[in-house]
There are 2 protein chains.
Amino acid sequence: MPPSVPPSPDPPPEANPAYAVLLARMRDAAVLASAGFALAWDREVAMPPAAAGLRAEQAALLSGRVHALRTASEVGDALAACEADAALMACTDAAANVRNLRRDHDLALRLPGRLVAEVAQAGSLAVHHWRAAREADDADLFTPWLQRNALLAREMADALGCSSAGDPYDALLETHEPGMRAAELDGLFGELRAGLAPLLAAVAEAAPPETGWTDAAWPVEAQAAFGRAVAARMGFDFAAGRLDVSTHPMCVGVGPGDTRLTTRYDPARFLAALHGTMHEAGHGLYEQGLPKAERLGQPLARPASTGIHESQARLWENFVGRGRPFCGWMLDELRRAGAPVPVGLNAETVYRGLNVVRPGPIRVASDEATYNLHVMLRFDLERALIRGDLSIADLSGAWNERMRADLGVEVRGPREGVLQDIHWAMGSFGYFPTYALGNLYAAQLWEALREAVPEVDAQLARGELGGVLAWLRAHVHAHGRRHSPADLCLRATGRPPTPEPLLRYLDSKLRAVYRLDR
Amino acid sequence: MPPSVPPSPDPPPEANPAYAVLLARMRDAAVLASAGFALAWDREVAMPPAAAGLRAEQAALLSGRVHALRTASEVGDALAACEADAALMACTDAAANVRNLRRDHDLALRLPGRLVAEVAQAGSLAVHHWRAAREADDADLFTPWLQRNALLAREMADALGCSSAGDPYDALLETHEPGMRAAELDGLFGELRAGLAPLLAAVAEAAPPETGWTDAAWPVEAQAAFGRAVAARMGFDFAAGRLDVSTHPMCVGVGPGDTRLTTRYDPARFLAALHGTMHEAGHGLYEQGLPKAERLGQPLARPASTGIHESQARLWENFVGRGRPFCGWMLDELRRAGAPVPVGLNAETVYRGLNVVRPGPIRVASDEATYNLHVMLRFDLERALIRGDLSIADLSGAWNERMRADLGVEVRGPREGVLQDIHWAMGSFGYFPTYALGNLYAAQLWEALREAVPEVDAQLARGELGGVLAWLRAHVHAHGRRHSPADLCLRATGRPPTPEPLLRYLDSKLRAVYRLDR
C-alpha cells in the first residue's frame with residue numbers, strides 16, 4: 001500500500017541512521033575544508049611572504065584530511081544503506097544529497113590521498129612563485145612550478161578518468177562543471193565564435209561610439225567606500241562577509257556567515273574596480289544565498305558548478321552593472337559621492353563608455369564580446385597542455401600567437417600574457433571554460449528574469465537591485481546542487497544552455513552602442 | 001667501551017627510525033595546530049561577526065585532530081623505543097625532545113578528545129559573547145559562558161590531576177608553566193607583596209614627581225608608523241610577520257615565517273599604544289627567535305613556558321621601553337617623526353611621566369609596581385573558582401572588593417572589572433600568574449644582561465637595540481623548551497627565580513622617579 005502522505009523533500013532526522021551519519025561526516029569534512037578556505041583567503045590578503053612554505057604544508061595536510069573523511073569506508077557504507085532505502089530516496093532533497101555524495105565519493109576514491117595533498121601543496125607554493133615571476137615579468141621563473149602543476153593535473157585526470165572520448169581534460173572539467181565534456185564545449189564555443197565574428201567585424205568597421213569620457217582618477221578610499229555601498233545595495237551582507245584588497249580579485253565562501261570578497265583599486269581609473277567589485281559581490285551573493293547554515297556539508301548547500309557561479313558574477317557585473325538603466329542611477333550616485341565625473345556627462349555616454357569593444361591583452365579588463373575569445377584561447381591551450389599536445393616551453397609562444405590571430409593583439413610581456421591569471425598557479429586546470437559558460441548561463445538567466453520581472457529596467461534605473469536578487473535567490477541560489485548545471489538552466493529558463501541568448505544580448509547591446517542600425 | 005667520539009647534541013637522522021617517526025608525527029600536529037593559530041588571529045582581526053559559530057566548530061575539529069595525533073599509539077610506541085635507546089638519549093637535544101614529548105603525551109592521554117574539542121569550541125564561542133558583554137558593560141550577559149568555561153577547566157584539571165597537594169589549579173598551571181605549583185607561587189607572590197608594600201607606601205606619601213607632561217593626542221596612522229618603526233628597530237622581521245589592530249592586543253606565533261602582533265591605538269594618547277606594541281613585539285621576537293624553520297613540532301622549537309614568554313614582553317616594554325636611556329632616544333625620535341611633544345620637554349621628564357605609580361582599575365594600563373597586585377588578585381580569584389571556593393555569581397563582587405582592599409580603587413563597572421581581560425573568555429585559566437612570574441624572570445634576566453653587556457645603557461641611549469636582542473637570543477630564544485623555566489632562569493642568571501631582582505629594580509626606579517632619597 002502506498003503511503004497516504006507523500007514523502008516530504010527532507011526526511012525526518014530519525015528516518016535513516018545511515019543518512020544521519022552520512023550528513024554528520026560530510027559536515028566534519030566541510031568544517032575542515034572551511035579552515036583551508038580561510039587560510040587561502042589569508043594567503044592572498046594577509047600572510048607574510050616568509051610563511052609561504054608553512055601555508056603550503058597546512059594546505060596539504062588539510063586537503064589530505066578532508067579527502068580521508070570523504071573516502072572513509074564509513075561513508076561508503078552509509079551511502080549504500082541510504083541508496084537501499086526506497087522511502088529515503090523518495091524524499092527529493094535527501095535523494096539529491098545522496099546522489100551527489102555518491103558521485104563525490106566515487107570520484108574521491110579514485111584519487112590517492114598522497115596526490116590530493118601534493119596538488120594542494122604544489123598549488124599553494126606555486127602561487128608564491130607566480131607572484132614573484134609576475135613582479136619580474138619573467139615567465140621562466142615560473143616554468144618549473146607550472147610544469148609541476150601541469151604534471152600533477154594530468155596525473156589527477158588519469159586517476160579520475162571520466163572521459164568516454166579518451167580526453168583526459170574531461171576529468172578536470174568534471175571537477176568544475178559536473179556532466180560537461182570538452183567535446184560539448186567545442187560545439188558551444190564554436191557556435192559562439194561563429195556568432196561573434198560578424199558582430200566584431202561590424203563593430204571594427206563602425207565609427208567609434210561617442211563616449212567622450214570613460215574613466216577618471218579617484219582616491220582609493222573613496223573608490224572603496226563606493227564599491228562597498230554598491231555591494232551592500234546588491235544585498236551583500238557585510239555582517240557575514242568582508243571586502244579587502246588582493247592582487248587577483250576573488251570571492252572565498254569560507255562557510256556559513258563568512259563570505260570574503262577582494263578587489264583591486266587603480267587610483268587612476270575607478271570604474272574598473274567598481275565592476276570588479278560587482279563581479280565578486282555577484283559570487284558572494286550566491287555563496288550567501290546557499291542554505292549553508294542549515295545544511296553545511298550537504299550538496300544542497302553547495303554551488304551547482306563553477307560555471308553557474310561565474311554566471312552570477314557576470315550577471316551582476318555586466319548585465320546589471322554595464323546595462324543602460326543602472327548606468328543612469330550609478331552616474332547620479334557617483335555625483336552624490338563626489339566622484340570626478342564631468343559636469344556635462346550623461347548616462348547614455350557612460351553606458352557607451354562602459355561597452356566599447358576594445359581588444360586588449362588582459363582578460364578581466366576586456367569587453368563582454370572579446371572576453372569570450374580570451375577564454376577560448378585558455379581552454380584550447382590548457383587542454384593541449386593536459387593532453388600532452390603542447391609543452392610548457394612552447395606555451396608562451398602559443399599564447400602570444402593566438403592573441404595575435406584571435407584578437408589582433410600584440411602581447412608585450414608575460415605579465416600581459418601567460419602570467420596574467422592565478423589559475424594555473426593554483427593548480428586549477430579546467431576552470432577557464434566556465435567563464436564563457438558563465439556568460440552563456442548569465443545571458444539565458446537574464447532573458448528569463450526579464451520575462452518574469454518586466455519592471456526590472458525601471459527598478460535598476462532607480463537603483464533598486466532587490467528584484468534581480470530575489471529572482472536569482474529563488475531560481476538559482478536556493479537550489480544548491482539539487483540539479484545538474486544543465487538541468488538548473490533548463491528549469492530556470494525553459495531551455496538547456498545555448499549561446500543564442502548571449503549572442504542576441506551582445507548583438508542588441510553593440511547595435512545600440514555603435515548605432516549599427518543607422 | 002665508551003664511544004671515542006662523544007655524542008653530538010642532535011643524532012644523525014638515521015640513528016633511530018622511531019625518533020624520525022616521532023618527529024614527523026609531531027611536525028604534522030604542529031602544522032595542523034598552526035592552522036588553528038592562524039584562525040585564532042583571524043577571529044580577533046578579520047572574521048565577520050556572523051562567522052562565530054563556524055569558527056568555534058573549526059577550532060573544535062582542529063583541536064580534536066591535533067589531540068588525536070598527539071595521543072596516537074604510534075607516538076607512544078615511538079617514545080618507548082627512543083627512551084630505550086641509550087645512544088639516542090645521550091644526545092642532549094634528542095633527549096630534551098623525547099623527555100618533553102613524553103610529558104606532553106602522558107598529559108594528553110589523560111584528556112578525552114571530546115573534552116579537548118569542547119574546550120576549544122566553548123572558548124571560541126565565549127570570546128564572541130565576552131565582546132558583546134563588554135560592549136554593553138553587562139557582566140550578566142557573559143555569566144553562562146564563563147560558567148561553562150570554568151566547569152570545563154575544572155573538568156580538565158581533574159582529568160590531568162597534576163597536584164600532589166590536592167589543588168586542582170596546579171594542573172592548569174602546569175599547562176602554562178611546567179613544574180610550577182600554586183603553593184610555590186604563594187611563596188613567591190607573598191614575598192613580592194611584602195616587598196612592594198613599604199615601597200608603595202613610601203611612594204604614596206611622597207610628593208608627585210614633576211612630570212609636566214605624560215601623553216598627547218596623535219593621529220592613529222602616525223602612531224602606527226612609529227610603533228612599526230620601533231618594532232622593526234627591536235629586530236622584529238616584518239617579512240615574517242604583521243602588526244594589526246584588535247580589541248585585546250596579542251601576539252600569535254602561527255608558525256615558521258608567520259608571527260602576528262596586534263595592538264590598539266587611542267587617538268588621544270599615543271604612548272599607551274607604543275608600549276603595548278613593544279610588549280607584543282617582545283613576544284614576537286621570542287617567537288621569531290625559536291628554531292621553528294628547522295624544528296617545527298619539536299619541543300626545542302617551542303617557548304619554554306608562558307612565564308618566560310611574558311618575561312620577553314615585559315623586558316622590552318618596561319625594562320627597555322620605560323628605562324631612562326631609551327626615553328632619551330625615544331623623545332628625539334618622536335620629535336623627528338613630528339609627534340606633538342612640548343618644546344621644552346626633556347628626557348628626564350618623559351622618564352618620570354612613564355613611571356608614575358597611579359593605582360587604577362585596568363591591568364594593562366597600570367604601572368610596573370601595582371601591575372603585580374592586579375595579577376595576584378586574578379590568581380587568587382581564578383584559583384578559588386577552580387577549587388569551587390568561589391561561585392561565578394560572587395566573582396564580580398569579590399573582584400571589586402579586592403580592588404578596593406589591594407589597590408584602593410573603586411571599579412565603576414564590569415568593563416573596568418571582571419570583563420576587562422579576554423583570558424577567561426578564551427577558557428584560559430592558570431595563565432594570569434605567569435604575568436607576575438614574567439616580571440620576576442624579566443628582572444632577573446635584565447640584571448644578568450646588564451652584567452654581561454655593561455655598555456647596554458649607552459646602546460639604548462643611541463637607540464641601538466641589537467645588544468639586548470643578541471643576549472636574549474643566546475640565553476633564552478635559542479633554547480626553546482630544552483630546559484624547564486626554572487632551569488633556564490638558573491642557567492641564564494645563575495639563580496633560580498626569586499622576587500629580589502624585581503624588588504631591587506622597582507626600588508631603584510621609584511627612588512629615582514620620586515626622589516625618595518632626598
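Colleague: How many salt bridges does the rule find across the interface of chain A and chain B?

Modeller: Please keep in mind that this is a predicted model. One pair that meets the rule is R260(A) with D42(B), whose side chains come to 2.8 Å, N to O, and the rule asks for a distance within 4 Å. Across the whole interface of chain A and chain B, the number of salt bridges found is six.

Colleague: Which element gives the most residues to the side of chain A that touches chain B?

Modeller: On that side of chain A, at least two residues each come from α1 (17-45), α2 (52-71), β1 (241-245), β2 (251-255) and β3 (258-263). With eleven residues, the element that gives the most is α1(A).

Colleague: How many residues of the side of chain A that touches chain B are nonpolar?

Modeller: In chain A, 36 residues are in contact with 36 residues of chain B. Those on the side of chain A include five polar and nine charged residues, while the number that are nonpolar is 22.

Colleague: What share of the area buried between chain A and chain B do carbon and sulfur atoms give?

Modeller: The area buried between the two chains is about 2700 Å². Of this area, the share given by carbon and sulfur atoms is 62%.

Colleague: How far does α2(A) reach from its first C-alpha to its last?

Modeller: This helix has 20 residues, and at 1.5 Å a residue the expected span is 28 Å. The model comes close to that expectation, for the reach of α2(A) from first C-alpha to last is 28 Å.

Technical notes
Residues numbered from 1 in each chain as written. Chains lettered and ligands numbered in written order. Predicted model: local features only at pLDDT ≥ 70, side-chain atom pairs only at ≥ 80, totals over all residues. Heavy atoms only, no water. Contact = heavy atoms within 4.5 Å. Buried area = accessible area lost by both parts, 1.4 Å probe. Helix = DSSP H or I, 4+ residues; strand = E, 2+ residues; numbered from the N terminus. Nonpolar A, V, L, I, M, F, W, Y, C, P; charged D, E, K, R; others polar. Expected span 1.5 Å × (residues − 1).
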